[in-house]
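The following report describes a single protein chain, from its overall dimensions to selected local features. The sequence and the structure are shown first.

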Amino acid sequence: MNQNPLNSYRKLQELASRAPAELAIWNSGRAALHALLLSISVRYVQEVLKGSPGSREIVDGGPGGEARDWANITARIIEWSFLYCDDSSTAGEPSLQQVNEALDLAQSWNVVEIGIEGGKVGRVRVSESKRGMLIEPISNPSLEVMDMLLEQIDTENVDENEVGPRLEPAHAFFRTQQGRKDVYRSVPVWVSGLYIQHMKNCLAKKPWEIPLDTDLGGLTLREAIPLLGTIKGMSLLQLSLFRGEPNPYTAYLATPPETLTRLLKRYNPKSVVVDEFIDLLTYRGPKGKTPFSAPIIPWGDQIIMPFALLSEGLEERMILRAAAFNPNASGKLGTSLGRLCNKWAARLGDIPGVKVATEVKVLAPNRRKIGDLDIVALDSDRKSGLIVEAKWPIDARVLADAWKQEAAIDKGREQIKRVKQEILDGAAIKLPQGWPQFSDVEWTWMVGTARYLDPRESTEGPPATCLRLVEQLLPASSVRDLLRKLEDFPYPQEGRDFQLSWKRVVVGGVAIRARVIEIFSPAPKPPADRRRSQGWT
């Protein structure tokens with residue numbers, strides 16, 4: 001076994017930069033991405049929709065695991081196409097073998113990504129043996145599983161789709177077209193309008209957490225929602241057409257840029273931010289926004305919008321991630337996200353007898369403000385309290401986003417450490433009138449996120465948890481009762497709820513094994529009534 005993890009990590013980096021670049025399909029030039037997206041569409045319908053040939057009757061699906069897997073594969077293929085495609089090639093269409101080779105690598109890439117992204121921040125251990133490379137995450141798998149289970153509030157505990165107009169009239173029309181060819185060339189305007197209005201209404205009804213007046217950089221979230229609904233409706237229609245008549249012309253939405261602009265203006269005649277919206281969600285290359293947050297892909301003289309990227313159902317984190325890359329919007333976006341931290345105050349305030357204050361000032365001996373306490377919950381009858389340093393970063397979609405969540409947690413721990421030292425040095429806490437002296441209360445300090453549980457094995461400082469877990473523990477009879485529930489919570493156990501196994505892939509001729517988690521079925525789910533639309537985090 002090679003005992004130098006740095007050398008092993010560097011070898012993994014070299015392999016990651018070499019393997020996709022050496023794919024033969026890039027010699028086909030721009031035709032490569034078209035062929036790959038066609039094959040992805042075929043597999044998406046087969047594996048995600050379990051589709052039967054000839055059926056166009058589908059509805060917008062939830063963001064299940066298989067849909068997310070194919071969104072990941074689509075995003076990787078797009079990023080690689082921008083990096084490695086030989087625009088000057090005249091080799092023509094790629095072979096089926098070349099297509100399958102590229103897709104097989106993209107499917108295996110999550111193992112490589114765990115090693116590369118985790119290695120950057122010390123979250124995995126990369127080693128070597130005669131059998132190949134080994135990637136071992138340094139984390140608590142019980143917390144990882146708990147985080148996955150809580151994620152089901154977004155992915156499986158969504159509201160039933162009862163939004164009109166219903167798509168049945170369009171399905172009835174498509175049934176009359178069974179067996180006909182080139183239906184996609186003459187879809188009635190009313191069918192297109194039905195799909196688009198359906199998805200616009202779906203997004204309008206979604207429980208958007210961030211305020212609708214949030215500035216995304218030239219447009220507000222309220223202005224972006226109907227435009228996003230429009231491209232989702234167009235994509236859903238395209239998926240229906242492909243399922244009924246699979247061919248290269250229906251495999252994904254592809255249109256000249258001016259046509260996309262015209263359609264967005266046609267279905268949103270009062271909108272004055274169409275150009276800003278397109279710019280917000282346009283992919284520019286691997287060093288900027290990812291295809292997850294920018295699903296409008298310029299390719300040659302066309303705009304491509306693969307339906308795998310638009311069908312996850314995680315629209316809020318998509319659009320917030322896109323806006324976060326705009327320096328003119330990131331500051332205002334941070335302010336809006338910061339205001340959401342008050343949800344901690346609202347939940348803690350539900351505990352009987354508990355008083356809650358926010359942004360409590362910390363004053364130096366000379367009365368200069370040196371900081372504040374985000375959330376302070378006082379159980380005055382028991383002289384106990386909870387201080388939460390609240391962090392509300394945008395939800396993670398890829399591993400690099402998860403590390404940003406952990407960086408925010410570490411920042412919170414440092415802030416708590418600094419404030420506690422300031423208090424020892426004589427700083428005063430300006431508690432609300434009528435509260436006891438700060439020193440008379442037994443305080444517990446913690447970092448609180450919205451939805452991310454920190455699974456790292458080795459962490460220093462105060463504990464961290466997420467509001468989504470706290471909400472599952474309510475009601476509580478006191479602050480101490482809540483803290484006891486957090487400490488004694490029956491986290492998933494290996495052997496009972498999940499098992500650890502190894503996933504083996506071969507990349508560039510090198511065998512790589514990574515530790516993966518297999519959750520036993522049926523997996524526990526959050527209560528059905530705790531949905532985002534009902535105010536839960």
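Of the 537 residues of the protein chain, 54% count as buried, where buried means under 20% relative accessible area, exposed means over 50%, and partly exposed lies in between (1.4 Å probe, protein chains only). The model is predicted: local features need pLDDT of at least 70, side-chain atom pairs count only at pLDDT 80 or more, and totals for chains, interfaces and linings use all residues. Residues are numbered from 1 along each chain as its sequence is written, and side-chain values use heavy atoms, with hydrogens and water left out.

**Overall architecture**

The secondary structure of the chain comprises 18 helices and 13 strands; these are DSSP runs numbered from the N terminus, with helices (H or I) of at least four residues and strands (E) of at least two. The radius of gyration is 25 Å, close to the 24 Å that the globule rule gives for 537 residues, so the chain is as compact as a globular protein of that length. This radius is taken over C-alpha atoms, and the rule is 2.2 Å times the number of residues to the power 0.38. Along the principal axes, the C-alpha atoms fill a box of roughly 80 × 60 × 45 Å.

Contact means heavy atoms within 4.5 Å. Among contacts between residues at least 6 apart in sequence, 72% join residues at least 24 apart. The accessible surface comes to about 24,500 Å², of which 49% belongs to carbon and sulfur atoms; the areas come from the Shrake-Rupley method with a 1.4 Å probe, and for residues only the protein chains shown count as cover.

The chain carries 69 positive and 67 negative side chains, and the centres of the two sets lie 2 Å apart. Lys and Arg count as positive and Asp and Glu as negative, while His and the chain ends are not counted. Each charge is placed at NZ of Lys, CZ of Arg, CG of Asp or CD of Glu.

**Helix H5**

Helix H5 (residues 141–150) is mostly covered, with 9 of its 10 residues buried. Among the buried residues are Pro141, Leu143, Glu144 and Asp147. Asn140 caps the N-terminal end of H5, a side-chain oxygen lying 2.9 Å from the backbone nitrogen of Ser142.

**Backbone geometry**

| Site | Feature | Value |
|---|---|---|
| Leu474 to Pro475 | cis peptide bond | omega near 5 degrees |
| Ser521 to Pro522 | cis peptide bond | omega about 0 degrees |
| Glu359 | positive phi, not a glycine | about 50 degrees |
| Arg367 | positive phi, not a glycine | near 70 degrees |

Pro475 lies in the loop between helix H17 (467–473) and helix H18 (479–487), whereas Pro522 is found in the segment after strand S13 (510–519). Glu359 belongs to strand S6 (residues 354–363) and is exposed, with a relative accessible area of 57%. Arg367 is placed in the loop between S6 and strand S7 (369–379); Arg367 is exposed, with a relative accessible area of 54%.

**Two loop residues**

Gln177 occupies the loop between helix H7 (168–176) and helix H8 (189–205) and is buried, with a relative accessible area of 12%. Pro436, in the loop between strand S9 (428–429) and strand S10 (442–449), is partly exposed at 22% relative accessible area. Leaving aside neighbours within four places in sequence, Pro436 is in contact with Leu378, Lys383, Leu431 and Val441. The C-alpha atoms of Pro436 and Val272, 164 residues apart along the chain, are separated by 54 Å.

Terms used: A polar contact is a pair of N or O atoms within 3.5 Å; within protein, one must be able to donate a hydrogen and the other to accept it, and residues adjacent in sequence count only if both atoms are side-chain atoms.
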